[in-house]
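Please look over the structure below before reading on.

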Amino acid sequence: MKNTIIALSLITLIQPALARVVEITAYKQGEASLKEASMVVFDIDNTLLRPVQTLGSDQWFGSREQYWVKAGRTKEEAVEHAIKEWSEVQELTKVQITDPVLPSLIASLRNRGIPVMALTARPLTLVKASLRQLKSIGIDFSQSGPSRMDINPKAENPALYTNG
């Protein structure tokens, strides 16, 4: 999904020259290879959670974007309309966890002292809904993030790091 607001990546702020991104296909595969100086970053949508129905899914967002293009909107206008609709659905929709191992995996990483956080392209207006959705599936990053305070830099394209 292409949102216009991208969350702040603390990895590049912490050690830009030493950061290494490793993508994995199975959660347990990555856990064993983590060193103490690691940080684990999860995407939210379709990685940690997904809606219980098609309405509000990434696939639904893509179909809404296509609908608005076919209705005569520019690509940018279509994306803006789709984001607005998708955001409204996220405020109300129930979600399910993508893999039941996730809450215990996050707790295990936290217990090992490895910072764990989510990074998303969701709009800033969905912070409360996102935290509510994560909590509903048993995921809470408030005790596992790299910082205990919220970070909200003022910028042309604003971003937010929230401890939770």
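Helices and strands here are DSSP runs, numbered from the N terminus, where a helix is H or I with at least four residues and a strand is E with at least two. This is a predicted model, in which local features need pLDDT of at least 70 and side-chain atom pairs count only at pLDDT 80 or more, while totals for chains, interfaces and linings use all residues. Residues are numbered from 1 along each chain as its sequence is written, and side-chain values use heavy atoms, with hydrogens and water left out.

Which residues of helix 4 are buried? They are Ala78, Val79, Ala82, Ile83, Glu85, Trp86, Ser87, Val89 and Gln90, where buried means under 20% relative accessible area, exposed means over 50%, and partly exposed lies in between, with a 1.4 Å probe and protein chains only. Helix 3 (58–70) and helix 6 (127–136) are included in what covers these buried residues of helix 4.

Two of these residues can be followed one at a time. Gln90 counts as buried because its relative accessibility is 1%, and the side chain of Gln90 makes a polar contact with the side chain of Arg122 at 3.4 Å. A polar contact is a pair of N or O atoms within 3.5 Å; within protein, one atom must be able to donate a hydrogen and the other to accept it, and residues adjacent in sequence count only if both atoms are side-chain atoms. Leaving aside its neighbours within four places in sequence, Gln90 is in contact (heavy atoms within 4.5 Å) with Gly56, Arg122, Leu126, Ala129, Arg132 and Gln133. Ser87, which also has its place in helix 4 (residues 75–92), is buried, with a relative accessible area of 11%; leaving aside neighbours within four places in sequence, Ser87 is in contact with Pro123 and Leu126.

Glu77 is found in helix 4 as well, but Glu77 is partly exposed, because its relative accessible area is 36%. Glu77 and Glu65 are 12 residues apart in sequence, and their C-alpha atoms are 8.9 Å apart in space.

**Helix 3**

Glu65 brings us to helix 3, where Trp60, Phe61, Glu65 and Trp68 are buried. They cover an arc of only 140 degrees around the axis, which puts them on the same side of helix 3; the arc is that of the directions from the helix axis to the C-beta atoms. The face of helix 3 turned away from its buried side carries the exposed residues Gln59, Gln66 and Lys70. What covers the buried residues of helix 3 includes helix 4, and just after helix 3, Gly72 takes a positive phi of about 100 degrees.

**Helix 5 and the cores**

Where do the buried residues of helix 5 lie around its axis? The residues concerned are Leu102, Leu105, Ile106 and Leu109. Seen down the axis of helix 5, they fall within an arc of 95 degrees, so they line one face of the helix. An α-helix has 3.6 residues a turn, so residues three or four places apart point the same way.

The largest nonpolar core has 16 residues, of which Phe42, Leu48, Val116, Leu134, Ile139 and Phe141 touch the most other members. A nonpolar core is a set of buried Ala, Val, Leu, Ile, Met, Phe, Trp, Tyr and Cys residues joined through side-chain atoms within 4.5 Å. Strand 1 (40–42) and helix 5 are the elements that give two or more residues to this core, and the largest share, 4 residues, comes from helix 5. Apart from this core lies another, of 9 residues, among them Val79, Ala82, Ile83 and Leu126.

**The whole chain**

The chain has 6 helices and 4 strands, and of its 164 residues, 33% count as buried. Its mean pLDDT, the predictor's confidence in each residue from 0 to 100, is 80, and 73% of its residues reach 70 or more. Among the elements, helix 1 (residues 10–14) has the lowest mean pLDDT (39), and strand 3 (residues 95–97) has the highest (97). Over residues 1–17 the pLDDT is below 50, and this stretch has 44 contacts in the model beyond near neighbours in sequence.
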